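Hi everyone, thanks for making time. Let me bring up the structure, and then we can walk through it together.

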Amino acid sequence: MTRTTHLDAVILDYNGVIGRQPTHDQWVRLARTASWPDDDLPGFQRAFWSARDPYDAGQLSDLAYWARVLGFHPGPRLLRELRTADTNMWTGTDDRVLAVLRCAHRAGLPMVLLSNAPAYLSDVLDTHHWRRMMHQALYSARLQVCKPDPAAYEHALKATGADDAQRVLFVDDRADNCRAAEEAGLRTLHYTGNPADLGAALTPAAG
């Protein structure tokens with residue numbers, strides 16, 4: 001892959017692009033850690049997501065978040081177990097995507113991560129080997145703002161160092177996040193799970 005000439009930088013989502021979605025078994029494991037009834041996984045998932053935005057935005061501590069999910073304050077041991085099981089759900093990565101990103105990195109394309117993630121998960125992701133490919137990693141808990149808030153894209157564009165938003169590609173698996181990025185002037189790729197689409201978007205056309 002030669003140095004890209006059509007892009008000055010790329011802004012990447014984590015979960016659903018670099019990171020794999022949690023499996024059913026991982027959801028079940030987390031629900032059982034929370035002592036949720038085995039026959040009500042959908043109810044657990046609704047409770048899990050009900051307070052996730054403020055948690056991702058750094059407005060809730062681990063304790064406050066899980067207290068909202070469970071309806072009571074977990075003790076220190078249970079809180080650690082919940083946080084660990086939760087974090088483990090989001091740390092599996094797609095090797096096919098990482099292979100594409102390694103090519104882009106070798107070609108010198110600046111890459112910035114922009115992820116909605118709580119503080120503890122952010123710290124864990126920063127320890128992973130692929131993180132070294134990122135020029136910067138911006139997490140909602142540290143920014144105190146989540147996608148699709150326009151401020152999130154402003155932070156990310158500034159982090160790329162690019163002068164022209166139209167020469168920066170934003171990649172996300174959520175259509176609403178892509179629409180907000182378009183409104184911010186960025187190019188977008190709504191990623192639907194095909195690494196070849198990502199590779200084509202990051203590789204300049206021949207000739």
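Let's start in the sheet, where isoleucine 11 of E1 stands opposite valine 112 in E2. On the E4 side, the bridge partner of isoleucine 11 is phenylalanine 170. Before going further, a word on the source: this is a predicted model, where local features need pLDDT of at least 70, side-chain atom pairs count only at pLDDT 80 or more, and totals for chains, interfaces and linings use all residues. Residues are numbered from 1 along each chain as its sequence is written, and side-chain values use heavy atoms, with hydrogens and water left out.

Helices (H or I, at least four residues) and strands (E, at least two) are DSSP runs, numbered from the N terminus, and two strands pair if DSSP finds at least two bridges between them.

For angles in general here, axes are lines fitted to C-alpha atoms, for helices over the stretch in contact, and angles run from 0 to 180 degrees between N-to-C directions.

Now the bridges. E1 is joined to E4 by four bridges and to E2 by three. Another four link E2 (residues 111-115) to E3, and there leucine 114 stands opposite leucine 138. Looking at E1 again, Ala9 and Ile11 point one way while Val10 and Leu12 point the other, and all are buried; buried is under 20% relative accessible area, exposed over 50%, partly exposed in between (1.4 Å probe, protein chains only).

What lies across the strands? Contact, by the way, means heavy atoms within 4.5 Å.

On to the nonpolar cores, meaning sets of buried Ala, Val, Leu, Ile, Met, Phe, Trp, Tyr and Cys residues joined through side-chain atoms within 4.5 Å. The largest has 50 residues, and Phe44, Trp66, Leu101 and Leu202 have the most contacts inside it. Helix H6 (residues 95-106) gives the most to this core, with five residues. A second, separate core of 19 residues includes Ala9, Val145, Ala159 and Ala165.

Trp66 turns up again in a helix pair. The axes of H4 (residues 62-70) and H5 (residues 76-89) come within 11 Å and cross at roughly 90 degrees, which makes H4 roughly perpendicular to H5 (65 to 115 degrees; under 35 counts as roughly parallel, over 145 as roughly antiparallel, and the rest as oblique). Asp62, Leu63, Trp66 and Leu70 of H4 make the contact with Leu78, Leu79, Leu82, Arg83 and Asp86 of H5.

One more residue: is arginine 52 buried or exposed? At 3% relative accessibility, arginine 52 counts as buried. Leaving out residues up to four places away in sequence, arginine 52 touches Tyr65, Asp86, Trp90 and Pro118.

Last, the cysteines. A search of the whole structure finds zero disulfides, a disulfide being a pair of cysteine sulfur atoms within 2.5 Å. For cysteine 178, the nearest cysteine sulfur is that of cysteine 146, 16 Å away.
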